[in-house]
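I want to look up where the open space is and what lines it.

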Amino acid sequence: MSADTESGFANRNLAVDMPGVEWRAVAKSVGITLLLGLLAAPLVAGSSYIGYVALTVVIFAVMASGYNLMLGWPNLLVFCPAALAIIGGVTSALLVNVFGVPYLVAMVSGGVVAAVIGGFIAFSAIAIGSSFEIIIATLAFEEIVYYVFTNWHAVGPTGISNVPAPTAGPLTFQTQLEQYLFLLVMLTISIGIVAVFDRSLTGTLTVATSENEDLLRSIGYNPKKYKFIAVVVGALLLGIGGSLYAHVNGLITPGGFTLDQTVFLLVIAVVGGIRTVHGPIVGAIVLVGLPEVVRMFGLSNMKPYIIGGMLVVVVLFFPRGILGGLYDAIDNRGDLSWQFWK
């Protein structure tokens, strides 16, 4: 390992760590995501309702993957994922609707704009230091973004409508199945990015920043740099997720990305498994899919109570989320005595 100094952020970069990435584990994570997603494709093709739910699950899984990355690895309580997502979505929608930019370019641009703003948030959060003050400051930022978009004539309270469906060159993803397959590709890429981060030296050192910063400094590493990278990469995925949301639904409004959405993304990450690569997918399936199942049985009024009760159960019995608890059980060779009872 080469050491970097406390004096700056940029004297080493991700590219240096790439040869050390456990590529076999990354390929396994990507392959599992793609395979299970393709197995679900016949269900999407067979029912427009299941198709609608599947599209929503995949979009939220992409956004939650980004939030999980900035929240889980550095343990940094940045509380404005909805603001970063709508920044990406609005940027993408305006580039396509107003300037006629090709969708893929607009989607990446939305992610990059969100990442740049995420960089400023990371600098501010690192400078603030205190978790409580970071939460308050980022919540305030989210409110500012909401009021700026609401009062901006290009967006307004009704948002941007008639946003065209995603395209890739001559291909237009118009039907549910086409959009599902496109979203599955984007989710697989997102999972690949998170898996590369997780299996790299950068990811390991980012986790170390949440364990013992002083120890990390004592061996020559700069904790600030790794927190910064995690937030920027997470913001990039959130911006791309916001772009997918806008173009698949044909609409994006400031009212759809407020504190409620931030809490929802947080719950998805926690229920699925903080600091797990596939946790956001599990969380999105449970949190997006379960309310629809409840509604089918005529219990839509009970939905908040069922979701709240499920969150309490997961927090008590699976402190690391569903997937984290499953990994713990496997590591403990079937020992299912959870931390709550110990």
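Ground rules: I am working with a predicted model, where local features need pLDDT of at least 70, side-chain atom pairs count only at pLDDT 80 or more, and totals for chains, interfaces and linings use all residues. Residues are numbered from 1 along each chain as its sequence is written, and side-chain values use heavy atoms, with hydrogens and water left out.

Entry 1, largest pocket. I looked up its volume and got about 550 Å³. A pocket here is an open set of points on a 1 Å grid over the protein atoms alone, where a 1.4 Å probe fits, with protein on both sides within 12 Å along at least five of seven lines; lining residues have an atom within 4 Å of a point. Volume is the space filled by probe spheres set on the points, which are joined across faces, edges and corners. I find 25 lining residues, and closest to the centre are Ala-40, Val-57, Tyr-180, Ile-281 and Ile-285.

Which helices supply at least two residues each? I get α2 (23-39), α3 (41-46), α4 (48-72), α8 (176-198) and α13 (279-296), with the largest share, seven residues, from α13. Helices are DSSP runs (H or I, at least four residues), numbered from the N terminus. By class I note 20 nonpolar, four polar and one charged.

I have about 420 Å³ here, lined by 18 residues, with Ser-29, Asp-198, Arg-199, Val-277 and Tyr-327 closest to the centre. α2, α8 and α9 (201-211) each supply at least two lining residues, and α2 gives the most, five. The classes are eight nonpolar, five polar and five charged. In this scheme Ala, Val, Leu, Ile, Met, Phe, Trp, Tyr, Cys and Pro count as nonpolar, Asp, Glu, Lys and Arg as charged, and the others, Gly among them, as polar.
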